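Please have the sequence and the view open while I talk.

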Amino acid sequence: MDPLLKLDDFTMHYRTKAGWVQAVDGVTLSLARGQALGLVGESGCGKTSIAMSVMKLLPYNSKVVRGRILFEGRDIYSMTDGEVRKMRWKGVAMIFQAAMNSLNPVYRVGNQIVEAIVTHEPETSEEEAWARVRSLFELVGIPKERMYHYPHEYSGGMKQRAVIAMALACNPKMIIADEPTTALDVIVQDKILREMDQIRRKINMSMIYISHDVSVIAEVSDVVAVMYAGKLVELGQADDVFKRPRHPYTYALMRAYPSILGEKHELATIPGEPPNLLDPPSGCRFHPRCDRASAECSKADPMWREICPGHYCTCHNPVEIGGTWVGQVRSGKAADGGDQLGTSSNS
Amino acid sequence: MALPATADAADAILRVEHLCKYYPVSRGLFQRRQLLLHAVDNVSFEVKRGEVLGLVGESGCGKTTTGRLIARLTFPTTGRIFVDNADVSKIQGADMAEFRKKIQMIFQDPYESLDPRMTIFDIVAEPLNVNGMGNLEEREQRVAEMLSLVGISPPSAFLFRFPHELSGGQRQRVAIARALVMNPTFVVADEPTSMLDVSIRTGIMKLLAQLREDLGISYLYITHDLAVARYLCDRIAVMYLGKIVEVAEAEEIIKEPLHPYTRALISAVPVPDPAVKRPVPTIKGGVSKPINPPRRCRFYERCPVAKSTCAEQDHPAPREVSGGHFAACHQL
């Protein structure tokens with residue numbers, strides 16, 4: 001079956017006073033119907049730029065340099081404005097970062113959702129739209145009398161639920177959730193992630209979760225894509241990426257995360273800082289911070305290749321499965337066996 | 001509800017006894033009954049010399065207020081704070097300057113806590129200037145020393161730069177250098193890593209741990225992230241609506257939490273392993289605000305194990321369930 005969404009060598013740059021920022025570079029991935037993709041990376045690595053590109057909401061100073069984004073087999077960047085408008089909300093809906101601020105403070109929450117429905121489905125009457133809002137509120141777990149309240153009367157978690165209800169309003173085939181729970185406390189975050197996951201499975205919707213938090217991505221994704229400095233560095237089934245990471249960046253990222261699970265392991269530090277995308281390093285963008293870098297890495301950009309079935313990675317010297325991470329040997333620390341990530345072994 | 005001292009009093013660098021901070025909440029002009037928000041309510045704990053105590057809780061639970069009270073950035077309603085056995089609220093005049101040298105604070109957001117118009121040198125040297133320490137040359141030397149200590153090297157390349165030229169991780173390092181330049185014995189660190197990216201965060205966590213080893217600094221580490229607290233703290237205190245509900249060794253509280261709130265909190269923390277399915281937390285409802293709270297357990301409305309007797313009694317006092325593990329619950 002055709003994938004619902006396909007990015008094909010997608011490259012997008014921003015023009016700034018200082019020059020061109022290479023925000024998204026050669027990203028290739030696809031998303032099947034009903035699948036949940038987790039896009040993880042640090043701030044400024046291009047996660048949100050990809051979301052905005054898929055929604056075709058890029059600012060005036062952006063330029064698609066190469067590649068295509070296909071939604072249901074159609075190139076988004078050759079659609080007319082009218083077609084894009086139809087695709088938004090009904091095809092792809094988005095939950096923006098800091099959702100609490102994406103509600104209009106001077107309209108009742110119900111009215112805002114009704115407006116979205118009536119705008120995108122002109123054949124729907126207002127009564128029908130209100131009825132739909134009522135059932136959406138039930139679905140996301142807000143008491144329905146709250147429809148007539150203003151956003152300031154909601155708590156943070158409730159605003160987040162309202163924004164999720166709004167994204168679901170026109171029965172989209174796919175939702176992009178950009179850091180949907182970042183500003184929330186853990187107990188509320190847990191509830192919302194569980195609810196979103198249930199709803200997604202119930203109506204067989206596709207989902208892209210964007211987060212900097214590896215553990216949030218681990219909880220909700222079928223497929224995980226790791227980004228670094230505008231490039232996709234690793235893509236695979238969640239289990240593969242978490243348990244058998246092949247790219248040195250993914251490997252270090254997984255080990256840099258403190259967890260409350262299992263025994264304490266030594267936290268990995270990645271030396272240096274993410275590069276400036278105005279002038280990214282030559283070759284592999286991770287090579288100045290990478291422990292496994294060889295002479296080749298600073299010269300040639302590594303190919304995007306399928307390293308195991310369904311597991312893609314761009315690296316000249318990928319981490320061997322069950323092998324020793326060079327960084328551990330260099331820092332004089334023997335790999336500690338039996339940690340919960342199951343990535344290290346005896347040296 | 002004083003916690004019994006775990007060792008002799010001289011061993012504790014910080015002792016907090018029955019600390020309360022109530023904020024008046026305005027409810028219109030003619031409201032006669034005054035409403036009080038119990039931000040910190042009868043909190044007692046101590047931090048031993050060289051120890052890191054983690055103060056963990058959700059937003060609005062009073063953890064930052066507790067930190068600010070200790071650094072004397074605000075005054076308690078009642079209760080006492082002892083630093084090195086000196087009552088903080090009684091410090092006046094010249095002693096205040098000494099106290100300020102001893103206690104320092106690291107703030108959450110390095111984008112807000114550094115003056116954009118000051119150079120890195122000015123920022124780190126400001127405490128020295130205020131206290132009239134050394135001449136310009138000595139100050140420069142001290143600042144360079146501090147910057148290399150926190151991993152900003154070479155310091156000479158950074159001394160005359162401005163905060164906007166630095167990355168988030170570097171800024172937080174500068175903020176740490178500023179906090180440490182007066183050789184404090186106690187540092188209140190208010191979520192110093194929550195604004196930073198993972199690859200940078202580990203570096204700052206390791207730096208804080210290293211500085212504790214090298215300089216013998218004790219910390220109160222305020223965070224909402226239990227996993228970070230587990231890695232950095234010796235003991236963890238969990239706060240809920242202005243009350244400390246549980247205190248224990250970090251590893252013990254993570255592995256064997258006793259209070260129903262701590263249990264819910266721990267089961268809600270996502271784990272970086274897709275194969276693990278966590279149990280659904282049994283906690284009900286959402287966090288309210290402790291405005292004129294009824295005289296009963298703060299957690300009563302949301303508690304999965306609450307019995308009717310919990311509603312009839314005052315908020316439970318923490319009691320020692322096992323060695324050094326305190327929990328405040330009627331049902332234990």
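In this predicted model, 33 residues of chain A are in contact with 34 residues of chain B. On the chain A side, the elements that each give two or more residues are helix 6 (186-203), helix 7 (214-220), helix 8 (238-243) and helix 9 (248-256), and of these helix 7 of chain A gives the most, with 5 residues. If we sort that side of chain A by class, we find 18 nonpolar, 8 polar and 7 charged residues.

Let me move on to the sheet. Here, 4 strands of chain A form an open sheet in the order 2-1-4-5, with antiparallel pairing. Strand 2 (19-31) and strand 5 (74-75) of chain A stand at the edges, and because each has a single partner strand, one side of each is left without a neighbour in the sheet. Helix 1 of chain A, residues 47-55, packs on this sheet and touches strand 1, strand 2 and strand 4 of chain A, while its direction makes about 70° with that of strand 2 of chain A.

What joins strand 1 of chain A to strand 2 of chain A? There are 8 bridges between these antiparallel strands, which form a hairpin with 2 residues between them, and within this pairing Met12(A) has Val24(A) as its bridge partner. Strand 1 (residues 5-16) of chain A also pairs with strand 4 (residues 62-71) of chain A, again in the antiparallel sense and over 8 bridges; here Leu5(A) stands opposite Phe71(A), and His13(A) stands opposite Lys63(A).

Key
Residues are numbered from 1 along each chain as its sequence is written. Chains are lettered from A and ligands numbered from 1 in the order in which they are written. This is a predicted model: local features need pLDDT of at least 70, side-chain atom pairs count only at pLDDT 80 or more; totals for chains, interfaces and linings use all residues. Two residues are in contact if their C-beta atoms, placed from the backbone, lie within 7 Å. Ala, Val, Leu, Ile, Met, Phe, Trp, Tyr, Cys and Pro count as nonpolar, Asp, Glu, Lys and Arg as charged, and the others, Gly among them, as polar. Two strands pair if DSSP finds at least two bridges between them. Axes are lines fitted to C-alpha atoms, for helices over the stretch in contact, and angles run from 0 to 180 degrees between N-to-C directions.
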